[in-house]
Amino acid sequence: MMDSRGPVKLCITSGKGGVGKTSLTVNLAYALAANQKRVLIVDGDLGLANVDVLLGLSVDRTIRDVLDGGVDPAQAVAQVSAGVGVLPASSGVPELVNLGPEEQDQLGDLLTAIMVPYDYVLLDTAAGIGPSVLWFNTFTEHNLVITGPDPASLTDAYALIKVLHRDYARDRFHVVVNFVMSEQEAVQIYESLAAVTQRFLDLKPVYLGGIPRDTSVMKAARSQRPFVQQSPAQPAARAVFKLAERIIELA
Amino acid sequence: MTKPADPTLDCPIGQVECSLLQEIRGLRTEVEQLARLSQTDPLTGLFNFRYLIDALHREMERTRRTGLTTGLIMIDLDHFKYVNDIRGHQVGNRALQWCAARWLEVVRKIDVLCRFGGEEFTVILPATRLAQAVRVAERLREKLEISPLPLNPGELPLTASFGVDVFRANEELSPETFVERTDGFLLAAKNQGRNRVCYEESKVLRPATEVTPDERIAFFATRWPRE
């Protein structure tokens with residue numbers, strides 16, 4: 001059931017590229033939908049979109065058509081399964097990487113309008129800390145930061161948290177650790193990140209969970225299907241189902 | 001802003017000698033000249049204070065849109081009262097013109113050099129980070145230091161003090177407050193003995209959000225589970 005507060009909005013972000021933002025976004029959406037939630041995926045990588053690729057969608061309307069061509073935003077949403085809608089973005093349009101203030105307002109208004117029928121909105125951002133990444137991160141109430149177990153992605157996750165906290169007063173961060181060997185490893189990685197954020201930013205992110213390295217993930221990506229659908233019993237899928245439950249508990 | 005006079009302005013009914021049209025052309029040229037005058041300092045030919053505030057409004061808005069910082073340099077000639085009092089106002093005026101001309105040789109094409117008033121000057125540096133703005137200020141300072149005003153006979157050494165700051169997209173600041181804040185660094189340059197460039201050094205060395213060495217060490221001190 002939807003409550004009067006509207007959908008729960010989560011921005012999925014990482015700083016570093018290649019840590020699994022889009023994969024997590026797509027699979028989390030399906031996992032939430034498996035719990036009878038209605039989910040809207042927004043591809044926030046406006047210059048180099050990927051959500052459609054992971055889902056094998058043939059996209060004919062994107063956020064760009066809505067912003068530039070006056071296309072009805074609801075028409076641009078592709079219903080990919082009973083509970084999951086996707087607002088795709090365009091690829092190969094560098095000028096969309098940095099939206100000006102009016103366009104950000106316009107995008108904010110149209111997202112607010114189309115998200116009404118949904119319980120959850122998952123916003124997949126681009127990598128980096130460019131203006132659009134920061135904007136999407138301030139648009140949602142929750143920031144889900146995904147990192148790998150390596151120092152580079154962890155440092156980037158920290159840098160992004162620091163910018164969002166210092167410059168935009170964000171303080172509701174949730175951490176997912178991808179590509180881990182075990183839950184114990186995920187917790188350790190989270191704790192090392194949390195120790196640094198607590199010490200230097202006086203901020204404690206919430207641990208959401210870890211996703212194990214799992215060959216079923218790549219196999220599913222190659223067949224352009226969510227791994228939670230293609231291999232629901234495999235470790236990665238089971239971890240994402242658990243994440244979905246935690247996210248439902250959050251709201 | 002006015003549009004440039006349209007040289008192709010033709011009489012709609014095809015009259016070759018139309019006095020009305022001639023008058024309109026004349027008025028347009030006059031409006032253009034007045035617009036130019038209203039934003040120019042007559043002594044130095046630089047932009048004036050009015051233009052400075054307009055241009056600063058525009059550049060700060062650009063910063064809000066693009067995230068690229070706007071740099072500002074506030075300049076004050078050192079001991080200028082002495083020049084006026086001892087050498088007379090004519091030499092004083094020539095000194096102001098001299099500085100303007102020397103600095104125009106070294107500012108970048110995109111920079112906006114203005115006469116703020118009296119012996120104060122301002123440079124707006126569009127889309128410029130603090131470290132780069134400081135480099136420009138240092139260049140202006142050096143240029144003046146090595147370019148004494150030629151007098152007949154002799155020459156008059158000139159120096160100036162500089163305050164530098166930048167406006168960042170997430171700041172709530174008016175152009176006037178930005179000028180005031182930068183003026184604070186100019187004051188510091190004066191107090192530290194003049195002929196120097198002052199700015200917030202910690203801002204150049206480390207932006208507030210940059211990951212510090214201590215933070216990095218904290219990460220690398222982590223015992224990685226796989227080791």
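Close-up 1. With a relative accessible area of 19%, B:E120 counts as buried, because the cut-off for buried is under 20%. This is a predicted model, so please read every close-up here as a view of a prediction. B:E120 belongs to strand β3 of chain B, which covers residues 120–125. Who are its neighbours, once residues up to four places away in sequence are not counted? B:E120 touches B:M74, B:I75 and B:D76, and also B:R115, B:D183 and B:L186. For a sense of scale, look for B:Q90, which is 30 residues from B:E120 along the chain. The C-alpha atoms of these two residues are separated by 17 Å.

**Close-up 2. Aromatic rings pair up in chain B, at B:F47 with B:Y51 and at B:F49 with B:F116**. Over all chains, the structure holds eight aromatic pairs. In the pair of B:F47 and B:Y51, the ring centres are 3.8 Å apart and the planes meet at 15°, so this pair is stacked. Are these two residues buried or exposed, or something in between? B:F47 is partly exposed, at 29% relative accessibility, while B:Y51 is buried, at 14%. The rings of B:F49 and B:F116 are arranged edge-to-face, with 90° between the planes and 5.1 Å from centre to centre. B:F49 sits in helix α2 (residues 49–66) of chain B and B:F116 in strand β2 (residues 112–117) of chain B, so their pairing ties together parts that lie 67 residues apart in sequence. B:F49 is partly exposed, with 39% relative accessibility, and B:F116 is partly exposed too, with 21%.

**Close-up 3. Helices α5 and α6 of chain A pack against each other**. Two packed helices are described by the angle between their axes and the distance between those axes. Here helix α5 (residues 101–114) of chain A and helix α6 (residues 131–139) of chain A pack at about 40°, and their axes are 12 Å apart. That angle makes α5(A) oblique to α6(A). Their crossing is right-handed. Which residues make the contact? From α5(A) come A:Q104, A:L107, A:G108, A:L111 and A:T112. From α6(A) come A:P131, A:W135, A:F136 and A:F139. A:W135, A:F136 and A:F139 also form one aromatic cluster.

**Close-up 4. Charged side chains lie over aromatic rings, one example in each of chains A and B**. In chain A, look for the ring of A:F139. The charged end of A:K9 sits over this ring, 4.7 Å from its centre. In chain B, B:R102 lies over the face of B:W98, at 4.1 Å from the ring centre.

**Close-up 5. Helices α3 and α4 of chain B also form a packed pair**. Helix α3 (residues 80–87) of chain B and helix α4 (residues 89–106) of chain B pack at an angle of about 140°. Their axes are 6 Å apart. Why is this pair called oblique? An angle of about 140° makes α3(B) oblique to α4(B), because roughly antiparallel is kept for angles over 145 degrees. On the α3(B) side, the contact is made by B:F80, B:V83, B:N84 and B:R87. On the α4(B) side, it is made by B:H89, B:V91, B:G92, B:A95 and B:L96.

**Close-up 6. B:A218 of chain B is in contact with residues of chain A**. B:A218 has its place in helix α8 (residues 213–220) of chain B. With a relative accessible area of 15%, B:A218 is buried. Which residues is B:A218 in contact with, leaving aside its neighbours within four places in sequence? They are A:V196, A:R199 and A:F200.

Close-up 7. B:P153 lies in the loop between β4 (149–150) and β5 (155–156) of chain B. In chain A, A:D202 has a positive phi of about 55°, although A:D202 is not a glycine. A:D202 is found in the loop between α8 (183–201) and β8 (206–212) of chain A, and at 71% relative accessibility A:D202 is exposed. B:N195 is likewise a residue other than glycine with a positive phi, near 50°. B:N195 is placed in the loop between α6 (175–191) and β7 (197–198) of chain B.

Terms used
Residues numbered from 1 in each chain as written. Chains lettered and ligands numbered in written order. Predicted model: local features only at pLDDT ≥ 70, side-chain atom pairs only at ≥ 80, totals over all residues. Heavy atoms only, no water. Phe/Tyr/Trp six-rings, centres within 6.5 Å; stacked < 30°, edge-to-face > 60°. Buried < 20%, exposed > 50% of the residue type's maximum accessible area, 1.4 Å probe, protein only. Helix = DSSP H or I, 4+ residues; strand = E, 2+ residues; numbered from the N terminus. Lys NZ or Arg CZ within 6 Å of the ring centre and 35° of its normal. Axes fitted to C-alpha atoms, helices over the stretch in contact; angles between N-to-C directions. Parallel < 35°, antiparallel > 145°, perpendicular 65-115°, else oblique. Left-handed = near helix turned anticlockwise from the far one by under 90°. Contact = heavy atoms within 4.5 Å.
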